[in-house]
Amino acid sequence: MSMHMLSIFILFVSLPSTILSAPTLKTLLVPSGGPESIIFSPTGGLYTGVNDGRIVKYRGSKDGWVDFAYVSPTWTLKKCGGITDPEMGSICGRTLGLALNYKTRELYLADAYHGLNVVGPKGGKAKQLLSSAAGLPLKWLDGIDVDQTTGNVYFTDVSTVYNLSQVQQHIDTGDATGRLIEYNVKTKKEKVLLSQLKGAGGVGVAKDGSFVLLSEFTGNRITKYWLKGPKAYTGELLMNISGPANIKRTEKGEFWVALNIPEEINIPTAMRMDENGKILEKISFGAPYNNTFITEVQENRGKLYISTLYEQFTAVFKYSRH
């Protein structure tokens, strides 16, 4: 273990952990459930993908949730409305990751069964941009982010072998076929940046577009992949850490990482770090998730939004920085 990695490990285990519990939160019920990731609209409200293949938009407590978009050409309310069976993903779609280009207002969608898609600010049927990369089908897209300086899109394919309905096989076999992929919006071409990843999950692009962070959930690590500068198009290990899921950048250029730390039970935890991997804060969630795996932590206007693939809601915590 390098001195850099050792110092990160010591800081993580010694840093005091805030524990947030039921009185500090409210739950935002989501139609059909399974809100793995959310994205905030610059005009207000938020978007998320749900179990039955829809992308829905929250317009506030008065108007609630409305249908916004879908990716599958075979989606119908009769066949798909309200379903939770992942085996229906090929018919109904299942968008896991969302990322917004704030200049064009286009919403990019990483769908576990229907590849990379994009939809305009008015919603409706999304346009598929990619169904394969480097000659291999996109089997299970997950994390996604947009470089706001170039418009390019960075996303993960968890596996080239298994899909979302085969999570347990993916874990049991130690599958390491995940990929980090770049989509160039000008050339309309894709490029595989990293391969042989174990549980390729979250991605977070730096505020200045100089790098992208990548988490490997079963690989238990976070990698920094350089996009600009003398190290451009090379990757380096940022830290080893248990169960990292989605990565979300803050307005200040820091990053929130959703962690699932295996003890006697899973401990869902949020970690805030800087671009060099220095841990600034960690928060353990006593409720409402208990030992449920969380997939994302996102900060917005004095609140933390906690998402998961396995619940009917997103939890919202009041939050002030330490």
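What volume does the largest cavity have? The volume of the largest cavity is about 50 Å³, where a cavity is, on a 1 Å grid over the protein atoms alone, a set of points where a 1.4 Å probe fits but cannot get out, and a volume is the space filled by probe spheres set on the points, which are joined across faces, edges and corners. This is a predicted model, in which local features need pLDDT of at least 70 and side-chain atom pairs count only at pLDDT 80 or more, while totals for chains, interfaces and linings use all residues. Residues are numbered from 1 along each chain as its sequence is written, and side-chain values use heavy atoms, with hydrogens and water left out.

The structure holds 1 cavity of 30 Å³ or more.

The largest pocket (an open set with protein on both sides within 12 Å along at least five of seven lines) has a volume of about 980 Å³. Of its 37 lining residues, Phe-40, Glu-251, Gln-298, Glu-299 and Asn-300 lie nearest its centre.

The second largest pocket holds about 420 Å³ of space, and its lining has 24 residues, of which Trp-140, Val-167, Phe-217, Leu-309 and Tyr-310 lie nearest the centre. Helix H4 (167–172), S18 and S22 each give two or more residues to this lining.

Methods
On a 1 Å grid over the protein atoms alone, a cavity is a set of points where a 1.4 Å probe fits but cannot get out, and a pocket is an open set with protein on both sides within 12 Å along at least five of seven lines; lining residues have an atom within 4 Å of a point. Helices (H or I, at least four residues) and strands (E, at least two) are DSSP runs, numbered from the N terminus.
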